[in-house]
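Here is my note on the model, as numbered points. Please read it with the coordinates open.

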Amino acid sequence: MDLSDLDPDPVIALRSWLEEAAGASPQPDAMTLATTTRNGRPSVRVVLLRGLDERGIVFFTNLRSRKGRELAENPHAAAVLHWWQLGRQVRVEGTVEGVAREESEAYWATRPRASRIAAWASPQSEPLTDRAALERLYARADTRFENGEVPLPEFWGGLRIVPELFEFWTHRDDRLHDRIRYLRDGTGWRRERLAP
Ligand SMILES: Cc1cc2nc3c(=O)[nH]c(=O)nc-3n(C[C@H](O)[C@H](O)[C@H](O)COP(=O)(O)O)c2cc1C
């Protein structure tokens, strides 16, 4: 991989890799997301990449979850997408901001009813006494909304990683992998090759 193989705009380059991954990976948009507490203790989990444009990368979650609380304390995140079938990974780092309510509403509307009810029912990241407790919470939410629409909860929505750094990595023989890093430079991006 050379600089000329990647679009100078990392968003376009990532979009193109995601399209290729869609033909190779069963879950091409699974992204491992790292957050930290105020004191810098990290935690990671997988979320789905649900939006990508010049503003950044969007995922949706419960804003009171562990990740939501950590991002409220420290709005910096790092994420990685890995497609082993293609021998590729992409890293991204940046600050995190909430998306406009209308954007969350639009995504919410695409979610199956059962997922919307589950989002209401589940106090994500909180301890539960047992599985039955979760099922009771679901049944209660199901009854609550049985006669109408399931609205977007105020505690649920989209978060956007506003990127400052991308890194595109490809596997090469003899561990001589290719790494191209993009760093934000004013309104554009500057690129450099890193040692593998
Ligand atoms: C493939 C995959 C996709 C997932 N997508 C999401 C997602 O888009 N949003 C989300 O909140 N959790 C998603 N999860 C669940 C999270 O990994 C995690 O369990 C949950 O968000 C709670 O994380 P937290 O306690 O660190 O906040 C996904 C899990 C997997 C394995």
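1. Start at the loop between β7 and β8 (178–185), where Asp174 lies. Helices (H or I, at least four residues) and strands (E, at least two) are DSSP runs, numbered from the N terminus. Phi of Asp174 is near 55°, a positive value in a residue other than glycine. Asp174 counts as exposed because its relative accessibility is 71%. The classes are buried (under 20% relative accessible area), exposed (over 50%) and partly exposed (in between), with a 1.4 Å probe and protein chains only.

2. Arg175 lies in the loop between β7 and β8 as well. Arg175 is not a glycine, yet its phi is positive, at about 65°. Its relative accessible area is 53%, so Arg175 is exposed. As background, most residues other than glycine have a negative phi.

3. A word on the basis. This is a predicted model, in which local features need pLDDT of at least 70 and side-chain atom pairs count only at pLDDT 80 or more, while totals for chains, interfaces and linings use all residues. Residues are numbered from 1 along each chain as its sequence is written, and side-chain values use heavy atoms, with hydrogens and water left out.

4. The overall layout. The protein chain has 5 helices and 9 strands. From the N terminus on, the order is α-β-β-β-β-α-β-β-α-α-α-β-β-β. Along the principal axes, the C-alpha atoms fill a box of roughly 55 × 35 × 35 Å. Of the 196 residues, 42% count as buried.

5. Which residues surround the ligand? They are Arg45, Val46, Val47, Leu48, Phe60, Thr61, Ser65, Arg66, Lys67, Gln124 and Ser125. The criterion is a residue heavy atom within 4 Å of the molecule. By class, this shell has 4 nonpolar, 4 polar and 3 charged residues. Here Ala, Val, Leu, Ile, Met, Phe, Trp, Tyr, Cys and Pro count as nonpolar, Asp, Glu, Lys and Arg as charged, and the others, Gly among them, as polar.

6. Now the polar atoms around the ligand. A ligand oxygen is 2.7 Å from an N or O atom in the side chain of Thr61. A ligand nitrogen is 2.9 Å from a backbone N or O atom of Phe60. A polar backbone atom of Leu48 is 3.0 Å from an oxygen atom of the ligand. On its own the ligand has 620 Å² of accessible area, and the protein covers 63% of that. Such areas come from the Shrake-Rupley method with a 1.4 Å probe; for residues, only the protein chains shown count as cover. The elements that give two or more residues to the shell are β2 (42–48), β4 (56–62) and α2 (66–73). β2 gives the most, with 4 residues.

7. On to the aromatics. The whole structure holds 11 aromatic pairs. Rings of Phe, Tyr and Trp (its six-membered ring) pair if their centres lie within 6.5 Å; planes under 30 degrees apart count as stacked, over 60 as edge-to-face and the rest as tilted. The Trp120 and Phe145 rings have centres 5.2 Å apart and planes at 50°, so this pair is tilted. Trp120 is in helix α4 (residues 113–121) and Phe145 in the loop between α5 (131–144) and β7 (156–170), so the pair ties together parts 25 residues apart in sequence. Both residues, Trp120 and Phe145, are buried.

8. Trp120 has another partner. Trp120 and Phe155 form an edge-to-face pair, 5.6 Å centre to centre with 85° between the planes. Phe155 lies in the loop between α5 and β7 and Trp120 in helix α4, so this pair ties together parts 35 residues apart in sequence. Phe155 counts as buried, at 10% relative accessibility. For Trp120 the relative accessible area is 19%.

9. Where does the charged end of Arg144 sit? It sits over the ring of Trp120, 4.7 Å from the ring centre. The charged end of Arg88 sits over the ring of Trp17, 4.2 Å from its centre. The test is NZ of Lys or CZ of Arg within 6 Å of the ring centre and within 35 degrees of the ring normal. Trp17 also belongs to a cluster linked by ring pairs, with Trp83, Phe166, Phe168, Tyr182 and Trp189.

10. Leu81 is in strand β5 (residues 76–83) and is buried, with a relative accessible area of 1%. Thr36 lies in strand β1 (residues 30–36) and counts as buried at 17% relative accessibility.

How values were computed. A polar contact is a pair of N or O atoms within 3.5 Å; within protein, one must be able to donate a hydrogen and the other to accept it, and residues adjacent in sequence count only if both atoms are side-chain atoms.
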